[in-house]
Every structure is written in structure tokens, then in C-alpha cells.
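Let's take a walk through a protein fold together. Have a look at the structure below, and then we'll go strand by strand.

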Amino acid sequence: MPAGLLLAAGAGRRMGGPKALVQLDGRPLVLRAVDVLRAAGCAPVVVVVGAAADEVRTLLPADVTAVEAVGWADGMGASLRAGLAALEPLAGVDTAIVHLVDLPGVTAAAVARLADAADDAPAALARAAYDGRAGHPVLLGRDHWAAVSASATGDAGARGYLAGNSDVALVECGDVAEPDDVDTPEQLARRDPTR
């Protein structure tokens, strides 16, 4: 089974605070996302922190590793690089599922389907699709980590690398998950009627 790599370092400027700490149905988004990765069987689980790093760390279960991204304020690229660097020395980890903290509609079923499609091979490259449109999460085999890290700049993360690679398998997940992120309080309110 792949490692779970959760990118949760952003300041959430449009949300008004770090999205990792935002509550949905009484639970912080970071814990909801960790639960999804664990329920899908991902191990180990690594969470990349940045904004409010100490506060986010205190929420994480003991068996989840927190890694602080230097330069997290520069965008998702720094977080992805930090997360892949943390996984690099781990023996037996050949694939990683990269998940984003602001995707509460992504389910464990979608993560597991993505993992099953890649067969835990170091050359694997896949991403969830929703009605045929590529989205998150993304599965990266170890063979791609160095090139993904080299290309991850600003807020692009692995986007450029994936767009230029014809080997990316799309795994349809639209029947078991929703791809919509929550960037603003209004988007969050549409998901949480108690707000």
C-alpha cells in the first residue's frame, strides 16, 4: 500500500486562517483528511505543515509524522518537495498518494481505488478523475519523485510534471468522491449547514 502524503501547510488567506484547522462537522480538516488516508490503508502517513505548524502538530495522532515545509508560504511546490523528501529515505515505500487538506469530498474509497490501480509499483503515475477530468488525489511512484520535486514550484505542485507525462493513468472516482475544494468560508458553509 502506498504512503499517504497530506499537504496541509497553507495559510488559507481566502479562508481567513489555515485550512488544516478549519472545522467541518465538528472536526478539523487535517484530521478528516488523515482519517481518509488511514481508512484507505495508506502507511505511513506524513502531513506537511507550515502555517500554524505547532497547533496542527498537536492535533495529529502519534503514528502520523509531521514535516514542516521550509518556504511553505511560497506555495504548494515547497510542501510537495518537503513531503517527498521525508518519504525518500523510507525503505519499502515505493508509492505515495498525495492528498490536499481542503478536499473534504475525497473519500477513502477514492484513495483506495487510486492505490489499487497503481499496484504499488515505483514507476506508477496516476490521478483521480471526476467525469473524465483529472483531479486529486495523485499517486506518484518513487521513480518520479526527484523529477516531480525538481518541477514543483509556486502553487503548481506536480501539475506541470503530470501534464507533460503521457504515462499518467486516470482513475475514475466521480461515483465515490467529490473533487471540490473549500477555499472560502462560503464554500465551507455549502458543505456544513451548521455554519
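This is a predicted model: local features need pLDDT of at least 70, side-chain atom pairs count only at pLDDT 80 or more; totals for chains, interfaces and linings use all residues.

β6 and β8 run antiparallel, with 4 bridges joining them. Here V98 turns up again, as its bridge partner in β8 is V138.

Time to zoom out. These strands sit in an open sheet of 7 strands with mixed pairing, and the order is β5-β4-β1-β6-β8-β7-β9. At the edges you'll find β5 (64-68) and β9 (169-172); each has a single partner strand, so one side of each has no neighbour in the sheet. From one strand to the next, the twist averages 30°.

What about the helices? Helix α3 (residues 76-87) packs on the sheet and touches β1, β4 (45-49), β5, β6 and β8 (133-141). Its direction makes about 155° with that of β1. Helix α4 (residues 108-118) lies across β6, β7 (125-130), β8 and β9, and runs at about 55° to β8.

Back to β6, then. How many of its 6 residues are buried? The count is 6 of 6. In a regular strand, side chains alternate between the two faces of the sheet. In β6, T95, I97 and H99 are on one side, while A96, V98 and L100 are on the other, and all of them are buried, so both faces are covered.

Notes. Residues are numbered from 1 along each chain as its sequence is written. Side-chain values use heavy atoms; hydrogens and water are left out. Two strands pair if DSSP finds at least two bridges between them. Helices (H or I, at least four residues) and strands (E, at least two) are DSSP runs, numbered from the N terminus. Axes are lines fitted to C-alpha atoms, for helices over the stretch in contact, and angles run from 0 to 180 degrees between N-to-C directions. Contact means heavy atoms within 4.5 Å. Buried means under 20% relative accessible area, exposed over 50%, partly exposed in between (1.4 Å probe, protein chains only).
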